Every structure is written in C-alpha cells, then in structure tokens.
Amino acid sequence: MIVRKAYQFKLEPTPEQARLFRQFAGATRWVYNHMLTERRAAFKAGQKTPTTNEQINQLPILKQQDETAWLKDIHSQVLQDAVLDLDDAFARFFSKQNGYPKFKKKNSTYQSFSYPQGINVNGNHVWLPKIGWVKFRRSHKPKRYREIEGTIKRATVKYKASGWYVSLNCEVDIEQPDPVDITPDNSIGIDLVTTSDGEKFTNPRHYRKLERKLKREQRKLSRKQPGSNNRLKQKQKVARLHERIANRRKDTLHKLSRQLIDENQAIFCENLNVKGMAKGNMGKSVGDAAWSELVRQLKYKAQWAGKPLLQVGRFYASSQLCSACQYQHTELAPSERRWTCPNCGVEHDRDINGAINIHTEGLKQYVAAGLSETLNACGETVRPAKRARLAEARISRL
Ligand SMILES: [Zn+2]
C-alpha cells in the first residue's frame with residue numbers, strides 16, 4: 001500500500017541562504033496575490049476567470065517584462081506552485097470548505113514556498129534547486145536518527161517563530177501484516193484521553209509550567225509601548241513560546257498514539273463534535289484540540305499498521321451506561337466525576353466507564369459489520385465487563 005509520510009527538519013541556512021528563502025517566499029506571495037487580483041478583476045467585470053494553466057503560462061511572460069524581471073531569480077516550479085496553491089484555495093472555496101481566498105499579507109509571520117520535485121537529501125544537507133545544499137538539524141545518535149523513507153514528492157520551506165523549517169512529503173510503499181482476529185483482550189476503547197484499561201493521560205507537568213510562563217510573557221507584552229522595538233522583541237518571544245507548547249503537545253500525543261497502536265490490534269473511540277463539547281463541562285484539556293489531533297494520528301498510524309480504528313457514533317450515551325450491568329443512569333449529572341450504579345452498586349470513574357462502554361460498543365459494531373468471526377462465540381459484553389472491574393481496581397489505587 002502506498003502512503004504519504006511527512007518529515008520536518010529545522011534548517012540551518014547561511015545568511016545568504018536565509019536571504020534567498022525570504023526572496024523565494026516573497027515571490028511566492030507576490031505571484032499568489034497577483035493571480036488572485038487577476039481572477040477577482042475578471043470575475044467583477046463579468047468575464048471568464050483565467051484558468052490555472054493560463055496563469056502558469058503567464059509566468060514566462062512576466063519574467064520578460066522589466067518591472068517583474070526579478071522573478072527570473074526564482075525557481076520556475078516554485079512560482080508555478082504558488083499558482084497551484086491559489087487553485088487549491090479556490091477549490092476549497094467552491095467545495096464550501098473555506099471562505100473566498102484572501103490576499104497573503106507581507107508582514108504575515110507565515111512565509112513559505114514549495115518545490116514539487118528536484119529535492120535531494122544527503123546526510124544532514126538538503127538540496128533545494130536554485131538555492132543549493134542547505135544544512136539541517138539531524139541527530140546522529142543511532143536511535144534518534146530519522147531515516148527518510150520512500151521518494152520525496154514535495155518539499156516546503158517555511159518560517160516559524162523559531163526559524164526556518166523544511167517539510168518533506170514522501171511516498172512510501174508499506175507492507176501490511178496479515179489481519180488478526182479482534183478480541184476484547186487485544187483491543188481497546190478510548191474516551192477522550194482515558195482508555196478502557198483505566199489509564200488516564202494528562203498533560204505532563206512541564207507542559208503546564210510552560211503555559212504559566214506563556215501567560216506571564218503575554219502580560220508583559222500587553223504593557224509594552226505599541227510600535228516599540230521592545231514590543232516587537234516581546235512579541236517574538238511569545239510566538240516562540242506558543243510554538244514550543246504546540247510542539248510539546250504534539251510530541252506527547254505522538255508517543256501516546258504510537259503506544260496505543262503498538263499495544264493493540266484494534267482501537268475504538270468516540271466520534272464526537274469536539275467544538276460543541278469544549279463549551280460544555282469537559283474543560284480545557286479537551287478544548288485545546290488535543291483529542292482531534294490524537295484521533296488524526298491514530299487514524300493514519302492504524303492504517304499504516306493495518307489495524308482497524310472504529311469510531312462509535314455520538315448518539316451512544318457512553319457516560320450514563322453502567323459498564324458492569326448496562327443500567328442506564330439517566331439522572332447522572334455532567335459534573336459528577338465518580339458515581340455508584342444504583343442498580344448493581346459498582347463504583348465508576350466517569351471517564352473510564354465511558355471508555356469501557358465505547359470498547360464494548362465498538363466490538364459489538366465490529367462483529368455486527370461481519371469484520372470478525374471469532375467474537376460471535378464468546379458473547380460481546382461479558383469480557384469487557386470483566387475488564388471494567390480490573391480497570392476500576394487500577395484507578396482506585398491512584
Ligand atoms: Zn450497574
């Protein structure tokens with residue numbers, strides 16, 4: 001099976017290369033805005049808007065004109081990519097995924113340009129056409145050295161608060177293992193960041209420390225004189241902190257999703273609207289999009305590993321159902337984190353109970369869909385319920 005994998009590395013350009021990066025990013029933005037202006041003008045005048053191919057064919061003409069001759073210094077495919085990028089923006093607009101394409105601002109912190117081909121990697125250097133070999137950070141410790149697999153299909157150079165980065169998008173042909181029968185013991189359910197095994201994943205302490213630091217620096221920023229040099233410096237400091245926090249969060253989630261995929265043959269999770277929930281009672285940990293990022297990672301990692309990931313519908317009232325006796329506790333208040341089943345007397349942690357229910361329901365749906373045969377024999381709910389008691393025992397020890 002062919003899959004796409006992305007690798008990102010921090011670049012260490014020479015001052016001259018950094019100047020070229022800014023020039024390439026600036027030209028990309030200029031082409032994008034120029035072509036957008038054209039399309040807008042044609043649309044306003046009631047004329048047929050130029051097609052992507054027509055706009056790409058314009059690029060050599062622009063290079064011949066005096067006022068835009070500076071475009072000659074930029075690699076042609078980088079400029080063409082800007083037109084294709086605009087085409088994407090329009091495609092997303094027409095499919096109602098996004099609003100009408102906007103102009104790219106000059107002072108925007110987000111600067112980037114892309115190559116569709118011609119990229120090479122040698123050790124810790126990457127070849128960028130018309131720029132040259134650029135050094136990037138790559139650990140030489142054998143364990144941490146990231147091997148780039150497959151063929152590079154696209155490279156994007158972009159500027160972030162902490163410097164320039166390159167992301168390489170590769171096409172990899174992966175071998176998939178033979179499918180394994182799914183049982184309650186080799187699969188898992190997840191409700192937000194709690195598993196049916198009774199494990200809860202919280203933000204590590206260093207992460208909360210960084211968040212406090214961010215708040216402090218943001219307060220400092222608000223006290224700086226508008227337009228001053230100090231304010232600019234402080235603004236960059238805050239941007240770098242934002243980036244660090246985002247990186248840490250992603251890192252934590254990558255470790256978690258890797259572990260979940262490695263330890264299980266199937267994963268069941270709730271398919272829910274995180275946006276609607278963040279407003280409710282679930283608190284900040286969910287509101288920060290950690291959940292949707294985790295599901296995104298689980299999806300592609302499960303696909304690579306050839307393991308099923310099944311999302312159980314939202315309609316399913318996972319939190320009110322007693323995972324031990326299936327009694328539906330409709331009076332359960334959303335604020336109650338722990339509760340005792342009025343029917344069977346089992347004590348529950350709200351999240352773990354939810355995760356167990358998702359596990360049970362996921363298995364049931366999996367069997368119903370005819371995806372597994374061995375499960376039919378052992379009865380769907382009996383063993384997850386046993387696991388439920390195990391999980392309860394584990395959590396009470398915390
Ligand atoms: Zn019960």
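1. Basis of the note. This is a predicted model, in which local features need pLDDT of at least 70 and side-chain atom pairs count only at pLDDT 80 or more, whereas totals for chains, interfaces and linings use all residues. Residue numbers start from 1 along each chain as its sequence is written.

2. Confidence. The mean pLDDT (the predictor's confidence in each residue, from 0 to 100) of the protein is 83, and 83% of the residues reach 70 or more. Contact here requires that the C-beta atoms of two residues, placed from the backbone, lie within 7 Å. Residues 374-398 likewise stay under 50 in pLDDT, with 38 contacts beyond four places in sequence.

3. Overall make-up. The protein has 11 helices and 13 strands. These elements are DSSP runs, numbered from the N terminus: H or I of at least four residues for helices, E of at least two for strands. Buried residues make up 25% of the 398 residues. A residue is buried if 20 or more other C-beta atoms lie within 10 Å of its own, exposed if 12 or fewer, and partly exposed in between, with C-beta atoms placed from the backbone. Of the contacts with a separation of 6 or more, 67% are between residues 24 or more positions apart.

4. The seven-stranded sheet. Seven strands form an open sheet with antiparallel pairing, in the order S2-S6-S7-S1-S5-S4-S3. S2 and strand S3 (120-122) are the edge strands, each pairing on one side only. On average, neighbouring strands of this sheet are turned by 35° against each other, direction ignored. Two strands count as paired if DSSP finds at least two bridges between them.

5. Five bridges join S2 and S6 in the antiparallel sense. Within this pairing, Ser114 stands opposite Thr156 in S6, and Tyr115 has Ala155 in S6 as bridge partner. How enclosed is S2 by the rest of the structure? Five of the five residues of S2 are buried, so the strand is largely enclosed. Gln111, Phe113 and Tyr115 are buried on one side, and Ser112 and Ser114 on the other, so that both faces are covered. In general, the side chains of a regular strand alternate between the two faces of the sheet.

6. Helix H1. The 30 residues of helix H1 (residues 15-44) should span 44 Å at 1.5 Å a residue, and the end C-alpha atoms are 43 Å apart, which agrees. The expected span is 1.5 Å times one less than the number of residues. H1 lies across S2, S5, S6 and S7, running at about 85° to S2. Axes are lines fitted to C-alpha atoms, for helices over the stretch in contact, and angles between N-to-C directions run from 0 to 180 degrees. The buried residues of H1 include Phe21, Phe24, Tyr32 and Met35. Among the elements that cover the buried residues of H1 are helix H2 (52-64), helix H3 (76-94) and strand S7 (163-173). Just after H1, Gly46 takes a positive phi of about 75°.

7. The four-stranded sheet. A further open sheet, with mixed pairing, has the strand order S9-S8-S10-S11. Strand S9 (194-195) and strand S11 (309-312) are at the edges, each pairing on one side only. Strand S8 (residues 187-191) pairs with S9 in the antiparallel sense over two bridges, with Asp191 and Thr194 as bridge partners. Helix H9 (residues 350-368) packs on this sheet, touching S8, S9, strand S10 (266-270) and S11, and the direction of H9 makes about 130° with that of S8.

8. Strand S10. S8 and S10 run parallel and are joined by four bridges, with Ser187 and Ala266 as bridge partners. S10 also pairs with S11 in the parallel sense over four bridges, and Phe268 stands opposite Leu310 in S11. Five of the five residues of S10 are buried, so this strand is largely enclosed by the rest of the structure. On one side Ala266, Phe268 and Glu270 are buried, and on the other Ile267 and Cys269.
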